[in-house]
Amino acid sequence: MADNSNPGNFANRPKEEVQAAGQKGGNTGGFGNMDPDKQKEVASQGGQASSGSFEPGSDKAKEAGRKGGATS
């Protein structure tokens, strides 16, 4: 095992566990696997259904917008 203890890193998991995960295949959830009508319904909302992180127009939102794309 590697020195990194991150459980999300497959290098830190037993070989048998990694092989079992690989045999399951790809992700079976998410937008791509929705019914096409449901996809249209969600997409038509244009992000309005998102709970978001900020109140629109708030100082925090403005600050985050200014920082957008900037490197730290």
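**Figure 1. Three helices and zero strands make up the elements of the protein chain.** Along the sequence, the pattern reads α-α-α. Here helices (H or I, at least four residues) and strands (E, at least two) are DSSP runs, numbered from the N terminus. This is a predicted model, in which local features need pLDDT of at least 70, side-chain atom pairs count only at pLDDT 80 or more, and totals for chains, interfaces and linings use all residues. Residues are numbered from 1 along each chain as its sequence is written, and side-chain values use heavy atoms, with hydrogens and water left out.

**Figure 2. Confidence along the chain.** The pLDDT, the predictor's confidence in each residue from 0 to 100, averages 75 for the protein chain, and 75% of the residues score at least 70. Among the elements, helix α2 (residues 36–44) has the highest mean pLDDT, 85, while helix α3 (residues 59–67) has the lowest, 80. A friendly reminder: where pLDDT is low, the predicted coordinates should not be read in detail.

**Figure 3. The surface of the chain.** Of the 72 residues in the protein chain, 1% are buried; buried means under 20% relative accessible area, exposed over 50%, and partly exposed in between (1.4 Å probe, protein chains only). The accessible surface comes to about 6,400 Å², and carbon and sulfur atoms account for 49% of that area. Accessible areas come from the Shrake-Rupley method with a 1.4 Å probe; for residues, only the protein chains shown count as cover.

**Figure 4. The two ends of helix α2.** At the start of α2, look for Asp-35: one of its side-chain oxygens reaches to within 3.0 Å of the backbone nitrogen of Asp-37. Just after α2 comes Gly-46, with a positive phi of about 55°.

**Figure 5. A salt bridge between Arg-13 and Glu-17.** A salt bridge is a side-chain nitrogen of Lys or Arg within 4 Å of a carboxyl oxygen of Asp or Glu, and the count by this rule is two. The closest N and O atoms of Arg-13 and Glu-17 are 3.6 Å apart. Arg-13 is partly exposed at 28% relative accessible area, and Glu-17 is partly exposed at 40%.

Figure 6. Lys-38 is partly exposed at 39% relative accessibility, and so is Glu-41 at 42%.

How values were computed: Polar contact = N/O pair within 3.5 Å; in protein donor to acceptor, adjacent residues only side chain to side chain.
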